[in-house]
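Trainee: I have just opened this one and would like a walk through it, starting with the open spaces. Could you set out the terms before we look at anything?

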Amino acid sequence: MNITGATRVLALIGSPVSHSLSPQIHNRFSDSLGLNYAYLAFDITHDGLKRFTEAARLMGIAGFNVTMPLKERIIPYLDAVSDAAGLCGAVNTVVNKAGTLIGHNTDGDGFARSLEREGFVFNGKKALVLGAGGAARAVALALAKRGMSVRMASRSPDKEVVAEGAEYCNWSDTGSEAEGCPLLVNATPLGMHGVNEDFADLSFLDALPSDSIIYDLIYSPRETALLKAAKGRGLRAINGVPHLVCQAALSFELFTGHTPSERVVSDLLTDTDIF
């Protein structure tokens with residue numbers, strides 16, 4: 001990377017972000033395409049969100065990604081949101097067009113693209129998504145759009161918010177909901193590095209078919225207790241790395257108008273120096 005006076009800035013905001021691999025991924029995309037962008041991470045909390053968006057306009061930041069806990073909170077500070085972002089009520093990508101901030105969501109399509117790379121067939125199948133936050137709704141929306149029957153389980157009784165095309169179910173019913181389900185997605189922070197909370201009971205895994213995929217959106221640590229337990233039962237376990245890379249590729253295209261090559265995406269997915 002060669003920083004010059006013409007270098008444009010891309011960013012990640014959220015808290016915490018020091019563990020994030022997004023800078024390595026996006027800067028690899030830029031280098032591979034010979035583009036003059038530099039991607040940085042900024043630890044921003046809700047209190048600083050308004051000031052950051054004002055600074056992004058002032059400094060001409062080309063675009064920025066949004067992670068927890070700001071995906072829903074960023075929306076009031078934007079000028080417009082895409083249809084996908086509006087439907088799931090969350091933004092993970094903001095593009096700055098001459099001072100106009102437009103919110104997008106690449107979580108859902110990025111997740112679906114990562115499953116397509118695994119040869120997964122969507123239509124007519126059942127999916128159980130654990131969580132009801134922005135990432136959970138984006139994933140559920142993408143799966144429902146691809147013809148899946150989607151159920152969403154929330155830990156919070158007061159958060160019965162589901163994506164369009166999905167249905168709500170009680171967290172306590174996870175075991176019965178898992179029966180006959182070929183795809184289970186953890187979109188909660190349970191088991192994440194730095195979060196002092198994990199699944200209290202993983203017996204719901206016993207209800208899954210033997211060929212089910214357990215997909216944990218968490219990538220730090222690489223193997224959560226959920227994935228370890230799934231592997232112990234002979235189930236197919238996937239961590240959050242493929243989703244991270246695939247949604248980042250879609251974000252980068254929105255930021256720059258350039259699509260990272262399949263070779264670079266594949267190289268990133270197998271790069272042990274990063275992952």
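Mentor: On a 1 Å grid over the protein atoms alone, a pocket is an open set of points with protein on both sides within 12 Å along at least five of seven lines, whereas a cavity is a set of points where a 1.4 Å probe fits but cannot get out; lining residues have an atom within 4 Å of a point. Grid points are joined across faces, edges and corners, and a volume is the space filled by probe spheres set on the points. The model is a predicted one, in which local features need pLDDT of at least 70 and side-chain atom pairs count only at pLDDT 80 or more, while totals for chains, interfaces and linings use all residues. Residues are numbered from 1 along each chain as its sequence is written, and side-chain values use heavy atoms, with hydrogens and water left out.

Trainee: OK, what volume does the largest pocket have, and which residues lie nearest its centre?

Mentor: The largest pocket holds about 1100 Å³ of space, and of the 44 residues that line it, Thr67, Met68, Lys71, Ala135 and Met192 lie nearest its centre. Two or more lining residues come from each of β3, α5, β8 and α8 (241-256), where helices (H or I, at least four residues) and strands (E, at least two) are DSSP runs, numbered from the N terminus.

Trainee: How does that lining divide by class?

Mentor: It has 19 nonpolar, 19 polar and six charged residues; here Ala, Val, Leu, Ile, Met, Phe, Trp, Tyr, Cys and Pro count as nonpolar, Asp, Glu, Lys and Arg as charged, and the others, Gly among them, as polar.

Trainee: And the second largest pocket, what is its volume?

Mentor: The second largest pocket has a volume of about 180 Å³, and its lining includes Trp171, Leu190, Phe199 and Phe204. By class, that lining has five nonpolar, four polar and two charged residues.

Trainee: Which strands pair with β10?

Mentor: Two strands pair if DSSP finds at least two bridges between them. Strand β7 (residues 126-130) pairs with β10 in the parallel sense over four bridges, and four bridges also join β10 to β11 (residues 213-216), again running parallel. Valine 185 in β10 stands opposite valine 129, and in β11 its bridge partner is tyrosine 215. In β10 itself, Leu183 and Val185 point one way and Leu184 and Asn186 the other way, and all are buried.

Trainee: Does β7 have another partner, or rather, which strand pairs with β7 over five bridges?

Mentor: That is β8 (residues 149-154), which is parallel to β7, and there valine 150 is the bridge partner of alanine 127. Four of the five residues of β7 are buried.

Trainee: Is alanine 136 buried or exposed?

Mentor: Alanine 136, in helix α5, counts as buried because its relative accessibility is 0%. Leaving aside neighbours within four places in sequence, alanine 136 is in contact (heavy atoms within 4.5 Å) with Val129, Gly131, Met152 and Ala187.

Trainee: Last topic: where are the cis peptide bonds?

Mentor: One joins methionine 68 and proline 69, with omega about 0°, and proline 69 is found in the loop between β3 (63-66) and β4 (80-81). Another joins serine 220 and proline 221, with omega about 10°, and proline 221 lies in the loop between β11 and α7 (225-232).

Technical notes
Buried < 20%, exposed > 50% of the residue type's maximum accessible area, 1.4 Å probe, protein only.
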